[in-house]
2 protein chains.
Amino acid sequence: MSEKVTIATVARHAQVSRQTVSNVLNSPHVVREETRRRVQEAIDALGYRASQAARQMRTGRSRLIAVRIEPTRDGINGSVLDRFLHGLTETAEAAGYRAMLYTAADAAAEIATFDDLLSAYDLDGFVLTGTDHGDPRTAWLAERAVPFVTFGRPWDDPDAHPWVDVDGAAGTAQATGHLLAAGHRRIGFIGWPAGSGVGDDRRAGWREALRAAGVDPAGLDREAVDGIAEGERLAADLLAAASPPTALVCASDSLALGALQAARAAAPSTATAAHTGPAAHTGAPAVPVIGFDDTPVAAAVGLTSVSQPLGDAAARCVDLLTAVLDGPPRTPAPVLLQPSLVLRHTA
Amino acid sequence: MSEKVTIATVARHAQVSRQTVSNVLNSPHVVREETRRRVQEAIDALGYRASQAARQMRTGRSRLIAVRIEPTRDGINGSVLDRFLHGLTETAEAAGYRAMLYTAADAAAEIATFDDLLSAYDLDGFVLTGTDHGDPRTAWLAERAVPFVTFGRPWDDPDAHPWVDVDGAAGTAQATGHLLAAGHRRIGFIGWPAGSGVGDDRRAGWREALRAAGVDPAGLDREAVDGIAEGERLAADLLAAASPPTALVCASDSLALGALQAARAAAPSTATAAHTGPAAHTGAPAVPVIGFDDTPVAAAVGLTSVSQPLGDAAARCVDLLTAVLDGPPRTPAPVLLQPSLVLRHTA
DNA sequence: TTGTAGGCGTTATCAA
DNA sequence: TTGATAACGCCTACAA
C-alpha cells in the first residue's frame, strides 16, 4: 500500500506550491499552461484525488445529494423507484455528485432527517419524490433556503420551487384517445379519491379527452384507493351499471390488473386460443383496459399501460438541482415530461 | 437562520472546554456525571451535531457505506433490489452509518469506482451484490484490506470474506417437496445454464430433493438464460418429452411465468371458472409451476414462488460490515438465511 | 477530571 | 503567475 497522496505530495512532485496545485484543480485559467501541464502529470502519475472531507471543511459543500428510499408498498407500483434511483445516481455521478439514501416513516421523520443530514453531512441538496398539497417538507426546506427539487409538481403553486414531473393528464388523455380511435365512446375511468394532485391530474386527462370527443363523462368513473382488489370491485360496479363503459382507463397498474379480472369475469374473452406473445394466455379482454406506470407486472401480464420516462425524470431532477447548486441563484424553469402509451394485449 | 453550532459554541454554553464536549461525545465515561449532563443539555438546546467532515479528517472514517444500484434488467427480477436497498439503508442508519449509491457498467468500472470512492470520500465499506466465481471485485478489495460484505456466497472459498446469502438449494428443495407432498413424482426443473453459483445451487436443491424421494432427475431439467420467452420455450420442450413432468420448479419468476404459459397451452386449465382471489383469472394450471424470488409479478399473477428474506439479508449485511468496522479485526461468521415458499394459485 | 496545543487536507486571502 | 499563511471543526496526545 502506498502512502496517502495529498496535495502536498503532488506539489513536491511537480516542484510547485500546494496552492498552485489547488489552482490547477479549481481555477485552471489562472495557472500558466506549462505549469498546469506539469502539475496535471504529477496528479495522474500519483493517482491523486482531492479529499472531499478536507474540501468540504473549507467550502462547506459536500457534493452529496440525498434521496429517500421508501418502503416498497404493494410492490407493483413501488418498483417505479428502482429506475428512478438508477437514473439519478448515474446523472449525479456525471455531474460530480454522489447520491445518498435515507429512509423516513413520515413527513415529520423526514424533516428530522433533513436537519441531521444538513448539519452533520453538509448535504448540498435533496430530491423529493411524491409531493402533495401543502407538503410540510418543501416548506421546511424553502424556509431554510436549502436547495431541492421535487419529482412531482407543487400543486399549490407551480413557481414555488424547481420541479420535474410527468404529464399524467396527457398520459390518460392519450390512453383515452387510443380507445376513442378504436371506436369506443363510453370509456370508463378508475382512479384514486379526489384530493391527491397526481390522482386528480390523471382523472382530468381522461375527462377532458372524453369531453373533447363530445362524450359526457358523467357516471363513467369511480374512485378507489389503490390495489388490485379495489380495482376489481370498482370495475365490476362500473360494468354492472345501466349503460356500462366498453373500455377502461385506470390510474395505476394495480387498479388496471383488478379491472382486467372484472372485465374478463363480465364478458369472457373472445380470444382464448390466441397465442401472439409472451402473455398471450391472458388474451385480449372484451372490455379493453389500460393501466398507468408500465410496471414490470404490466409487461409480464401484457397490460397496455402509460409509461413514465423515469430515467429522464431523474436526470432532469439532477440537472435542475445542480443548476441551483453550481449556477446563479435563480430558480430554474420546471420540466414537464410526456409519458408514452405502451401498447400490449389489453387495448 | 442561526449561526453554525460547533463544539466551541457548546463548550461556551456549558462553561467547559471544547475537549470536555468532545469527551462527552466520544468517551462519556471519563467525564463527571454532572458535567456530562450539563454538556448534554447544551448540546440538545443548541441542536448541535458533530461535523462529519471535520471528524473524518481526524479519524479517517466517513461512516459511509456504498452499494451499487444496477440498471433494472427485465424489471421482474430487478425489483429485488428495492427491498434490499430499503433494508440496508434502514439498518445502516440505526448503526450510525449512511448508504451511498453508485453505478457501474461492469466489474472493471466498478473497481475504478471503488478507488475513487475510497480516496475521495474515504468510504468505510462496501456491500456487494451478486458475486460469482472468481469475482475480480472481491479480490481487489481484499488485496487492499478494504472492509466489505457480499450478498451472495464466494463460491470458490466460503471463508474468503464475510458474506450473507439465501439458501437457494433449500428453496428449490422446499418447492420440490411441496409438489412431492401433493403426489407428484416427475417434477421438472427449468434453470440457468450451469456455471453460475446461484443457478447451480438452485438446481442442486431440486435434484437432491428428487433423489431423496427416490426419483431419478435425469432428463427432467432444462437450461435457459433468464426470461419469459425462454421459460416458455424450455417448458414446452420439457412437456413434449416422452414422459413429461407433471409439475415444474423454476429458478426465477421470469422463467416460471413463461413455463406457466406453456403449461396452460399444453393442458388447458381445469379451473377456468374458479374465482378465489385477486389473480383467480389465471386459475390453477394442470401442471403446477413454482417460481423463485417472489417478485411483485408473482404476487399479481398468483404464482407460487420461493421468497427471499431480502430485508433481513440487507440487515445482516450491515451487521457484518459494522462488526468488521467497529469491532475487533476478525472475520465475522457468514450468514445463510432460509427462504420460504409462498403458496398461491399455481401450485 | 479538565484544559491546552497541534494538525488532519484543503482553499481563500493576500503578498511577492 | 506563484507562494506563504490562516482557517474550516474536530480529535488525540499531553499537561494541569
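Mentor: A salt bridge here is a side-chain nitrogen of Lys or Arg within 4 Å of a carboxyl oxygen of Asp or Glu. The model is predicted: local features need pLDDT of at least 70, side-chain atom pairs count only at pLDDT 80 or more, and totals for chains, interfaces and linings use all residues. Residues are numbered from 1 along each chain as its sequence is written, chains are lettered from A and ligands numbered from 1 in the order in which they are written, and side-chain values use heavy atoms, without hydrogens and water.

Trainee: Which residue forms a salt bridge with A:Arg98?

Mentor: The rule finds six salt bridges across the interface of chain A and chain B. For A:Arg98, the closest N and O atoms of the bridge are 2.8 Å apart. Its partner is B:Asp116.

Trainee: How much area is buried between chain A and chain B?

Mentor: Contact (heavy atoms within 4.5 Å) takes 60 residues from chain A and 59 residues from chain B. Buried area is the accessible area (1.4 Å probe) that two parts lose on being put together, summed over both. Carbon and sulfur atoms give 59% of it, and the total is about 4,800 Å².

Trainee: Are the residues of strand β9 of chain A buried or exposed?

Mentor: Strands (E, at least two residues) and helices (H or I, at least four) are DSSP runs, numbered from the N terminus. Buried means under 20% relative accessible area, exposed over 50%, partly exposed in between (1.4 Å probe, protein chains only). In β9(A), residues 289-292, A:Val289 and A:Gly291 lie on one side and A:Ile290 and A:Phe292 on the other, and all four are buried.

Trainee: Which residue in β10(A) is the bridge partner of A:Phe292?

Mentor: Two strands pair if DSSP finds at least two bridges between them. Three bridges join β9(A) to the parallel strand β10 (residues 304-307), while β8(A) (residues 247-250) pairs with β9(A) in the parallel sense over two bridges. In β10(A), the partner of A:Phe292 is A:Val306.

Trainee: What is the relative accessible area of A:Ala182?

Mentor: A:Ala182 lies in the loop between α8 (168-181) and β6 (187-191) of chain A. The residue counts as exposed because its relative accessible area is 55%.
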